[in-house]
Amino acid sequence: MKLSIVIVNYNVSYFLEQTLLSVRRAVEKWGEPTEIFVVDNNSVDGSVAMVRTRFPEVVLIENKDNPGFSKANNQAIRRACGEYILLLNPDTVVEEDTLQACADFMDQHPDGGGLGVKMLDGQGKFLPESKRGLPTPWVAFHKVFGLAKLFPKSRLFGRYHLGYLDKDQTHEIEVLSGAFMWLRRKALDKVGLLDEDYFMYGEDIDLSYRLGQGGWKNYYFPEARIIHYKGESTKRTSINYVFIFYQAMVIFARKHFAPGRAGAFSLLINLAIWMRAGAAMAERLLARVAPVLLDAGLIYGGMYFLKKYWEVNHKYAPEPYPPAFMVAAVPAYIVVWLTTAYFSGAYDKATRASRIVWGVFVGTILISAISNFLDAYRFSKALIILGGTWSVAALVGRRLAIHFLQYGYLSLNERRPKNIAVVGTATGSRRVRQLLEAAGVQARIIGHVNPAGSSDDVNDDSLGELRQMEEIIRIYELDELIFCGKDLPASQFIALMVRLSQQVSIDYKILPEDSEYIIGSSSKDSPGDYYALNIGLSLYQPQQMRNKRLLDILTSLGFLLGTPLFIWFEKRKAGFLRNCLRVLAGTRTWVGLQHSAGPRRTARAILSPADVAEHSAPLTDSTKRRLELLYARNYVPSTDLNILFRRFRWLGQE
């Protein structure tokens with residue numbers, strides 16, 4: 001066996017499908033015996049079923065939990081028979097010649113223990129982590145404190161990504177990227193497999209270092225290229241990434257550097273962890289809070305001028321509104337208006353004016369009702385109504401103004417419909433249209449560019465030839481190109497992306513052969529995105545998440561108020577009170593996923609939808625996960641109420 005390919009997957013079924021299709025084409029063109037392993041780390045997005053159905057040639061390993069990247073790779077490596085082992089990320093696309101080119105290079109360089117290739121992001125731009133240096137304390141210092149980013153081509157400061165080395169020439173390097181890590185089996189037998197102390201990140205650095213220590217060389221080989229939708233597998237902007245990545249560097253230092261140096265290195269890295277984590281938290285908090293603070297400021301300013309106008313134009317006492325009105329009453333009004341607007345969807349990415357109006361209207365009714373019971377804050381109902389009207393105008397106006405500054409026209413939606421061209425045959429173009437319509441994507445398909453250079457339809461909407469692509473993009477003001485994987489090879493659309501990236505700014509997506517997913521990524525630091533059919537989980541839609549949180553708060557308050565009665569029905573009375581407080585604090589949710597991993601981090605669940613069915617008969621783990629997936633896919637708040645009622649006696653469980 002010449003080659004064994006190992007792909008570890010976790011909830012990226014749509015990207016995994018494209019990766020396996022590109023690997024299949026590369027294997028077919030190469031013609032050498034190759035085995036392909038997919039190790040699934042307990043995905044809940046249908047990855048396992050997709051692999052079984054579409055890729056029967058793949059050796060599938062199903063884990064019942066998520067043991068981490070290193071352990072999962074080692075599971076397959078131990079079973080692999082290939083002369084070479086390729087560790088490949090599930091969010092990559094390989095060219096048809098990639099496998100053969102890498103094998104030929106390694107055959108010609110018997111001193112090579114590992115090989116990395118030129119990696120491109122979803123825009124066709126070079127990813128600097130294609131070649132890296134060893135993160136010694138000095139190199140890590142430059143990386144952590146931003147000097148490497150400021151001086152990427154410096155031989156002194158730019159050693160982390162080796163920016164001073166030509167990206168188009170072959171080089172001997174120190175560290176390979178785990179996204180595409182071509183390894184010689186003899187070298188692995190000598191230096192050992194991936195270190196399982198690393199859950200994610202750092203294992204590629206560790207293995208690369210051990211290969212060098214074992215007398216092998218690591219090569220950067222730019223003659224082979226891949227696309228790496230990096231954001232999908234690393235989520236680099238998350239706080240969790242900061243902690244995991246830099247902790248991996250600490251593990252590496254403690255393992256490979258002298259004890260004295262490791263201590264200093266650990267101190268440096270831990271300082272960097274908290275600095276980066278703090279900056280990431282501040283950035284994310286500011287991004288979330290800034291719109292709310294801006295809205296609050298606009299409403300407060302409007303209320304101030306409304307108060308002045310009311311005092312001047314209406315015959316009241318010299319000071320009808322005491323200072324407490326602007327100090328206490330108005331901020332309270334603003335909190336109510338913005339809270340009800342939030343729950344109505346005013347802060348969703350794609351909101352509508354009707355949601356804002358409804359949210360502020362409900363808030364105005366609440367303010368009027370509450371003020372009747374508080375003599376100290378019982379002010380003119382007319383001013384409250386005027387304040388509500390101004391709040392609507394401020395919230396809508398602020399969104400229109402920001403949208404105009406970003407896109408040049410007035411709208412509450414994020415952008416105008418995209419102008420899209422399809423690179424593929426007329427048949428492929430029709431397929432793209434059908435998928436976009438079925439997925440509800442608002443876009444204008446301008447036409448298609450046939451890669452063969454000739455029409456396959458008498459009435460087709462051909463825009464021209466591939467060589468005219470720059471002009472086509474400019475004339476039709478295109479925002480996005482969609483490549484049909486069935487109609488042109490990966491090497492062709494990758495080459496086109498690289499060429500266009502030097503000339504124009506445009507997004508790219510790919511429709512893999514016979515797939516229902518159109519996949520792409522806007523930058524190396526943003527998650528990959530896609531247009532797809534029936535893949536959304538209702539549980540994680542913004543409106544449903546708000547409804548679920550509101551339901552948790554109301555039920556917890558109700559349980560606490562009714563504790564003298566409810567406590568006698570609970571099996572674990574102390575646990576019941578503790579869970580009520582936890583749910584109120586947001587660290588727990590009454591009902592959620594316990595046996596499955598959701599697509600985002602959520603509060604730990606006290607009850608699972610599988611608990612109701614298991615009450616009558618024991619369930620297998622796969623059945624529990626399937627029930628939870630159905631719950632997440634079809635979630636409505638009444639489902640939680642039903643589960644709470646049926647499992648009421650167990651609300652105190654951990």
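**Aromatic pairs and charges over rings**

Me: Where do Y333 and W337 lie?
Reply: Both are in helix α12 (residues 324–343), four residues apart, about one turn of the helix. Helices are DSSP runs of H or I, at least four residues, and strands are runs of E, at least two, numbered from the N terminus. This is a predicted model: local features need pLDDT of at least 70, side-chain atom pairs count only at pLDDT 80 or more, and totals for chains, interfaces and linings use all residues. Residues are numbered from 1 along each chain as its sequence is written, and side-chain values use heavy atoms, without hydrogens and water.

Me: Are Y333 and W337 buried or exposed?
Reply: Both Y333 and W337 are buried (under 20% relative accessible area, 1.4 Å probe, protein chains only).

Me: New topic. How many aromatic pairs in the whole structure?
Reply: The search finds 18. Rings of Phe, Tyr and Trp (its six-membered ring) pair if their centres lie within 6.5 Å; planes under 30 degrees apart are stacked, over 60 edge-to-face, the rest tilted.

Me: Why is the Y333 and W337 pair edge-to-face?
Reply: Their ring centres are 6.0 Å apart and the planes are at 65 degrees, so the pair is edge-to-face.

Me: And why do F483 and F493 count as stacked?
Reply: Their planes are at 20 degrees, with centres 5.4 Å apart, so that pair is stacked. F483 is in strand β13 (residues 480–484) and F493 in helix α17 (residues 490–501). Both F483 and F493 are buried.

Me: What sits over the ring of W650?
Reply: The charged end of R647, 4.2 Å from the ring centre. The cut-off is NZ of Lys or CZ of Arg within 6 Å of the ring centre and within 35 degrees of the ring normal.

Technical notes: Buried < 20%, exposed > 50% of the residue type's maximum accessible area, 1.4 Å probe, protein only.
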